[in-house]
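Could you walk me through this structure in the viewer, one selection at a time? I would like to know what to pick next and what is there.

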Amino acid sequence: MTFSCIGIGITQKIAVGFGHVLQRRKLETAPRFIEPSQVPDEVDRFRLAVSEAVRSLRKIRQRVAESARSDILAFIDTHLLMLDDSALIEVPVEHIRARQCAAEWALQLQREALAEVFSEFDDPYLRTRMDDVDHLVNHIQKILQQQEEPNQDDPRGRIAIAQDLSPAELIVLHHQGIAGFVTESGGPMSHTAILARSLGIPAVVGVRNATQGLHQGEQLIVDGRQGVLLATSDNAIMAHYRQLIEESRKHTLSLRGLIGQATVTQDGARITLMANIELPEDLAATRSLDADGVGLYRTEYLFMNRPKPPDEEEQFATYRQVVEKLEGIPITIRTLDLGADKPAGTDNQNDRGCSNPALGLRAIRLCLKIPQLFRPQLRAILRTSALGPVKIMIPMISTLQEVRQLKAMVEEAKRSLLRDGLAFDPGVEIGGMIEVPAAALAADAFARELDFLSIGTNDLIQYTLAIDRIDDEVNYLYDPLHPAVLRLIKMVIDAGQTRGIPVGMCGEMAADPRYIPLLVGLGLRQFSVQPGSLLEAKWVLRSIAAQPLMEQVSRLMPQIAEQDTVETLMDLCNPPRFHH
Ligand code: PEP
Ligand code: MG
């Protein structure tokens, strides 16, 4: 029997493995009252459930201890500490005794009381701590209701099935060794999808009712190339997919011949090809693939899966290690881009109290609003700039005011470092990400105030076309070839040329072989892509000639508003096919 579901493939990879269902539905808890004589047993039942939760967390901690980063362990430790906290454990016992109610209801009452307290915090970071409480409350409720807790099974080598996964959760699952994953929601440009590509995890998202329709232990095939999920026991189908996995392995191997070769087009145009990194693990690949540098270091991952943000010393230690491992090749460190689908801490929902997080307090907006969060990062990056070629990049700029405020904060951080006798590069370059249409339209003004620009197409497309990049309902509208998007990209490249500053692209569009020739034709000469896409991008870049592409694109761009022009443009900029 074979059962197939269609979704959206987010990595060009295939995995086979047994299903591992991660349920995250809220448990229904209705008021239930008990006889006075039942109270002592009910208290015992509650305490037993808490001990069971502690025991299972310790087991998970032990399992991940060898491979996980210290921040992931810190995340588990926070939950263990909370299970020792009287606010979560003793108050429900008091409710059981005073109200003569069931343990589930007593716990629920305390959850509501805590939610009210947390919602009053001004600090968004503190507000997100409520998710830790929810996570633990759900865990204890499940034990109380004698529900299965599938998370406790070892997910190693399995296909995780979830309603949704935050980037933070994916990191934990990656450390636990999942082979692939399937989610009910999510889009190809969500940060979870980008992270999955970067980690090389085969995945399909947007598979409706996956957590209901698929079963624990079922044999699954995740085909990220076709966006298909198969539940099958058919040996011939399994053999076919195993063969595809083998072919893909050979393809990756054949590309390795390009390592060490220059990224130059057929007609001699030199292209800078850099890597995007998220986790320290990506560094080894960046070095071994011989990238020209790191064009985007997403620092926010350092702030996830932990109860408190890292302080200046911890950030400096991490950035220092990254720069040292790069051995002199340049790195662009992007300042914190928290918010929207990348909340701080262990949260996996959007920030509470904000109706539209993608348009809210995100990235540079959040950093300027919370200087106590931002200052330590600026000081840490500046200190790292004394150790190697480091640039600073600001995400999601939309006004010149933000650039000026940022620069003032950098100057203030430099003065404080001077006072403390700490070294930094006084001429450290500051660039901005162009990801908001307003910034693209005013790229000329930004180019005057910044040392370089980098086009973040993941967000630029989302904001230009008004589609939430994590909403699977509107994903079909996500189109890098929309004439409006192409015009904005061209405006940014032209602004850089006019002002004499470099313009790169670090959004996913830069890594897609279908778009690379067109981008070269638009004048782009700096690409930053995930390590896993770097060699394929190099292969395409080395196979094309820049000058004829530039001529064709500049001839067609004035008529680009018409759809058939986009098609002609794509035909002319057809990527070469790889033969292996
Ligand atoms: C982008 O928006 O294109 C980008 C590179 O940033 P992120 O994906 O981290 O939002
Ligand atoms: Mg972005």
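Before the first selection, one definition: two strands pair if DSSP finds at least two bridges between them. Please also keep in mind that this is a predicted model.

Stop 1: Select residues 272-277, which make up strand β9. Five of the six residues of β9 are buried, so the strand is largely enclosed by the rest of the structure. Pick A275 and look across to β16, where its bridge partner is V529. Next, show residues 294-298, strand β10, which runs parallel to β9 and is joined to it by three bridges. A275 has a bridge partner there as well, V294 in β10. Bring in helix α11, residues 281-288, and you can trace a right-handed β-α-β unit made by β9, α11 and β10.

Stop 2: From V294, move to T332, one of whose contacts beyond its sequence neighbours is V294. T332 sits in strand β11, residues 331-334. Is T332 buried or exposed? With a relative accessible area of 8%, T332 falls under the 20% cut-off and is therefore buried. Leaving aside residues within four places in sequence, T332 also touches G295, L296, Y297, K391, M393 and F452.

**Stop 3: helix α21 and L541.** Select residues 531-543 for helix α21, then highlight L541 within it. L541 is buried, and its relative accessible area is 0%. Which residues does L541 touch, not counting those up to four places away in sequence? The contacts are T263, V264, T265, I271, L273, I516, V520 and F527. For a distance check, M505 is 36 residues from L541 along the chain, and their C-alpha atoms are separated by 14 Å.

**Stop 4: two helix pairs.** Two packed helices are described by the angle between their axes and the distance between the axes.

Start with α18 (residues 457-465) and α19 (residues 483-499): they pack at an angle of about 130°, and their axes are 10 Å apart. The two helices are therefore oblique to each other, and the crossing of α18 and α19 is right-handed. To see the contact, show T457, L460, I461, T464 and L465 of α18 with A484, V485, L488 and I489 of α19.

Then turn to α7 (residues 167-175) and α8 (residues 191-199), whose axes lie 9 Å apart at an angle of about 25°. The pair α7 and α8 is therefore roughly parallel. From α7, the residues that make the contact are P167, L170, I171 and H174, and from α8 they are H191, T192, L195, A196 and L199. α7 passes α8 in a right-handed crossing.

**Stop 5: the eight-stranded sheet.** Finish by colouring the open sheet of eight strands, in the order β1-β8-β7-β3-β4-β5-β6-β2, with mixed pairing. At its edges stand β1 (2-6) and β2 (8-9), each with a single partner strand, so one side of each has no neighbour in the sheet. Zoom in on β7 (residues 219-223) and β8 (residues 228-232), which run antiparallel and are joined by four bridges. Here D223 stands opposite V228 in β8.

Definitions and conventions. Residues numbered from 1 in each chain as written. Chains lettered and ligands numbered in written order. Predicted model: local features only at pLDDT ≥ 70, side-chain atom pairs only at ≥ 80, totals over all residues. Heavy atoms only, no water. Buried < 20%, exposed > 50% of the residue type's maximum accessible area, 1.4 Å probe, protein only. Right-handed = clockwise from strand over helix to strand, strands pointing away. Axes fitted to C-alpha atoms, helices over the stretch in contact; angles between N-to-C directions. Parallel < 35°, antiparallel > 145°, perpendicular 65-115°, else oblique. Left-handed = near helix turned anticlockwise from the far one by under 90°. Contact = heavy atoms within 4.5 Å.
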